[in-house]
Amino acid sequence: MSTTSMPQTIAQGTARDSVRRDARGVALAIVLCAQLMIILDMTVVNIALPSIARGLHFSAPSLSWVLNAYTLTFGGLLLLGGRAGDILGRRRVFMAGVLLFTVASLAGGLATSAGGLLAARAVQGVGGAIASPAVLALITSGFPEGRERTRAIGLYTAVAMGGASLGLVLGGVITEWASWRWVLFVNVPIGAAVLLAAPRFLGESQRQPGRFDITGALTSTAGMAALVYAFIRAASSGWRDPVTLGAFGAAAVLLGLFLLTEARARQPITPLRLFADRGRSGSYVARLLLVAGMFGMFFFLTQFVQDILGFSPLRAGLAFVPMTAMLFAVSRAAPRLLSRFSPKVLMVAGLLPVVAGMAWLAQITPAAGYLPGVLGPMLLLGAGMGVVFVPLTMAALAGVRPEDSGAASSMVNVTQQVGGSLGLAILVTVYASASRSAAHGGGSGTALARAREAVTHGMASAFGAATIFDLCALLVIIVAIGSWRRAAR
């Protein structure tokens, strides 16, 4: 090669690398838009629930199913969605899930009855369960391990964790300025844009030869649905309710059969070798515990700022903006921190402000204002979660075989979904018991003041239980992730 052609060759190679990076960047933006849309719908309707109840004449007990219909199908079908991407092609499955989610969002926004909205929400959950595992699997396969994947996972974490709090903000804005129906309609243009861009910028993954593990799919779907339903039922009817106990029993039997099936299947829907690595298993458990506390925190804080502080839906949504901004900002910085510190160091460092923020909320009283009684803990929680979830997600995916990336990604989503349902059920039970105890204890002041005191005492007790979840997550990370030097490698 001549000396004159060498710089030209280097320049051409650099240009090709730049084009590949740009294409990967566009592909990442596409899948993250879809993931944000799916995550938003887990919380965006929270603040709109009173308006939905008035518009479609929901009874008080049935209103919770606007959330639960989505949670149940989403949690139940995640494992099947992850395996479908491995066998059928992740882009194909991703687009099918987004299409189903978008159509269901349109149908929900147009619903004229309570039953129609619940059916649409259930179908939304199906679409989300199909598309969501493919998002993380496409990121894993599209970005090689190292700096690029770390940055991509940092953005994914910001969307996955920040999307829940962003949903509260958007829910308040949309409900106040438009209509509850636009909480669902807003998904339609986003879904349409993703479907138009995906064929052009997303490459299709190599389809893994094999067939569906039908027995594993049925037992995992039914078992996960029964488990999620049991937690939902426990939150509304108590842990001693016969239906609650029956659902937990059914979940135990079905998931036990699922494990036996996967141990014997030639092509399991969830390879049990994923759990052979102690660090990966520990990351799943730690994520479950962290999300259990986080979703309960969202649930009770939205009520505190509206019922105790008297915020409007719009102001209540905007109250979560600082935490969302903090989480997004720290998540963007986490990949740079990983180049200097081991993953385990960052996990522990991130959990410390999470524990401190939740413990701060456990001291909340009716006299606590937004500043600093709510804002201070939220900033600590946003900063801590922005740090801890990036290395935690990397630990769940590090070293996974290409043919197992869909299953590993779906397990990340499963632990997050079950953690949210588990946490909410336990914390609602703690809240109900503590608030009843405070109400029966009497006290001075007007009836309204005593009621506010009882409600706030119940919320403080729930935040205290969430603090215990976070401390257990810290213990799991210290014990299970491995030595500091091994984690860094």
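Analyst: A salt bridge here is a side-chain nitrogen of Lys or Arg within 4 Å of a carboxyl oxygen of Asp or Glu. The model is predicted.

User: How many salt bridges does the count come to?

Analyst: The rule is a nitrogen-to-oxygen cut-off of 4 Å. Applied to this predicted model, the count comes to three.

User: Which residue forms a salt bridge with E148?

Analyst: The closest N and O atoms of the pair are 2.7 Å apart. That falls within the 4 Å cut-off. The partner of E148 is R24.

User: How many residues apart in sequence are the parts that this pair, E148 and R24, ties together?

Analyst: E148 lies in helix α7, and R24 lies in helix α1 (residues 5-40). E148 counts as partly exposed because its relative accessibility is 32%. R24 is also partly exposed, at 22%. The parts tied together are 124 residues apart in sequence.

User: D41 and R121 form a salt bridge. Are both residues buried or exposed?

Analyst: Their closest N and O atoms are 3.2 Å apart. D41 sits in the loop between α1 and α2 (49-56), and R121 sits in helix α6 (residues 114-142), so the pair links parts 80 residues apart in sequence. Buried means under 20% relative accessible area. Both D41 and R121 are buried.

User: Which residue forms a salt bridge with D241?

Analyst: D241 counts as buried because its relative accessibility is 14%. The closest N and O atoms are 2.8 Å apart. The partner of D241 is R233.

User: E262 is buried yet has no salt bridge. How far away is the nearest side chain of opposite charge?

Analyst: E262 lies in helix α11 (residues 242-264). Beyond four places in sequence, E262 touches D213, G216, P268, I269, T270 and L272. The nearest side chain of opposite charge is R83. The distance is 7.5 Å.

User: Does R147 count as buried or exposed?

Analyst: R147 lies in helix α7. The cut-off for exposed is over 50%. R147 has 69% relative accessibility, so R147 counts as exposed.

Note on methods: Residues are numbered from 1 along each chain as its sequence is written. This is a predicted model: local features need pLDDT of at least 70, side-chain atom pairs count only at pLDDT 80 or more; totals for chains, interfaces and linings use all residues. Side-chain values use heavy atoms; hydrogens and water are left out. Helices (H or I, at least four residues) and strands (E, at least two) are DSSP runs, numbered from the N terminus. Buried means under 20% relative accessible area, exposed over 50%, partly exposed in between (1.4 Å probe, protein chains only). Lys and Arg count as positive and Asp and Glu as negative; His and the chain ends are not counted. Contact means heavy atoms within 4.5 Å.
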